[in-house]
Amino acid sequence: MHAFNLQPKTLSLAERLADLAVDALIDEADLSPKPALVDRRGNGAHTDLHLGLMHASALSLWPAFKAMADAAIAFGEIGLPLREAVGRIGREGEQAMLDTTGGVNTHRGAIWALGLLVTAAALDPESTAASSVSIRAARLALLDDRYAPRPLSHGAQVAQRYGARGAREEAQLGFPAVLQRALPQLKCSRAAGHGEQNARLDALLAIMTNLADTCVLYRAGEQGLHTMQLGAQAVLDAGGSASLAGRRRLHELDQQLIALNASPGGAADLLAACLFIDRIESGDGLIQGVF
Ligand SMILES: CC(C)(COP(=O)(O)OP(=O)(O)OC[C@H]1O[C@@H](n2cnc3c(N)ncnc32)[C@H](O[C@H]2O[C@H](COP(=O)(O)OP(=O)(O)OP(=O)(O)O)[C@@H](O)[C@H]2O)[C@@H]1O)[C@@H](O)C(=O)NCCC(=O)NCCS
Ligand SMILES: Nc1ncnc2[nH]cnc12
């Protein structure tokens, strides 16, 4: 008799996608040093978040991601029935997150972005190019979920105040921050031999150079957003996070954003989306599903 079953377990496509989505969230949380975000060093600009909570939140979302992938397989096509099923599962996922964190919003934007991408990947697991998956996700995001509540969220408030394009529009446009900025930067920094952690930090910075992060806007207004965008560009211009000059700029940016209480939570979610797409695009076991 064995204490553990050491036979390789064959995972379903939906289980594999849920694993990859949760892995992406945990990799994002662990990546350090991220400016003003929760990481292995500390809580950044947050008083109500810490790394253990981010991990627990990520793990609580596994059933929702699996259910979204299962829904995609069951419906088999992009349309209102799938959009509304995924919306319902997303809201249940948000509730599971809030139950786990004691009411703290850790991953609302990530549920949205990764949920759409998991669904899009499950719809056609043989078509995993970043552009194909993001277009399918965008087509889903463009459909109007009749059952979605329309609360005056932080994102909705800053959209009114500053005319900012938030998480919904980012998805409806096919995740330009990921496809046009993060993925190219990730590949470029890897190709330059900067190391995986620095390449991921550079990808996050590339997102921050341009994103209208509604989390930053809500907490620190336009001054916070400009500080984030210009500071991230300065790190990349100085040679990125693998260089000494870039690291100094990154440290300055961290201090400036914390002083402004500006947390780039939306950029962090999009880095997780980038890591997820990077994995499925590289064919990381999506079809065979064995680990
Ligand atoms: C369509 C929704 C995304 C709702 O969007 P909306 O803008 O109305 O709602 P928000 O509640 O503001 O959530 C959007 C979150 O998305 C992240 N984000 C911000 N800017 C961008 C951007 N430009 N592009 C992409 N993503 C972006 C961000 O998430 C992170 O920040 C969270 C913390 O933010 P906040 O709540 O403001 O918290 P704090 O400032 O810390 O609050 P206090 O401490 O001050 O109180 C953190 O969780 C990160 O995840 C935005 O918060 C979508 O959510 C929706 O409609 N959901 C319904 C269910 C559904 O249909 N799901 C579909 C399933 S796929
Ligand atoms: N690492 C992080 N820190 C703070 N907010 C976040 N939202 C998503 N990831 C985050």
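Biologist: Skipping its neighbours within four places in sequence, which residues is Leu114 in contact with?

Modeller: Bear in mind that this is a predicted model, where local features need pLDDT of at least 70, side-chain atom pairs count only at pLDDT 80 or more, and totals for chains, interfaces and linings use all residues. Residues are numbered from 1 along each chain as its sequence is written, while chains are lettered from A and ligands numbered from 1 in the order in which they are written. Contact needs C-beta atoms, placed from the backbone, within 7 Å. For Leu114 that gives Ala21, Ala24, Phe65, Ala272, Ala273 and Phe276.

Biologist: How many residues does α5 give to the shell around ligand 1?

Modeller: Shell residues have a backbone-placed C-beta within 6 Å of the ligand. There are 35 of them, and Gly90, Gly109, Gly115, Gly155 and Gly266 come nearest. α5 gives the most, and its count is six.

Biologist: Which helix gives the most to the shell around ligand 2?

Modeller: Ligand 2 has 14 residues around it, Ala29, Leu37, Val38, Gly265 and Ala268 being the closest. α1 and α13 each supply at least two. With three residues, the one giving the most is α13.

Notes:
Helix = DSSP H or I, 4+ residues; strand = E, 2+ residues; numbered from the N terminus. Contact = placed C-beta atoms within 7 Å.
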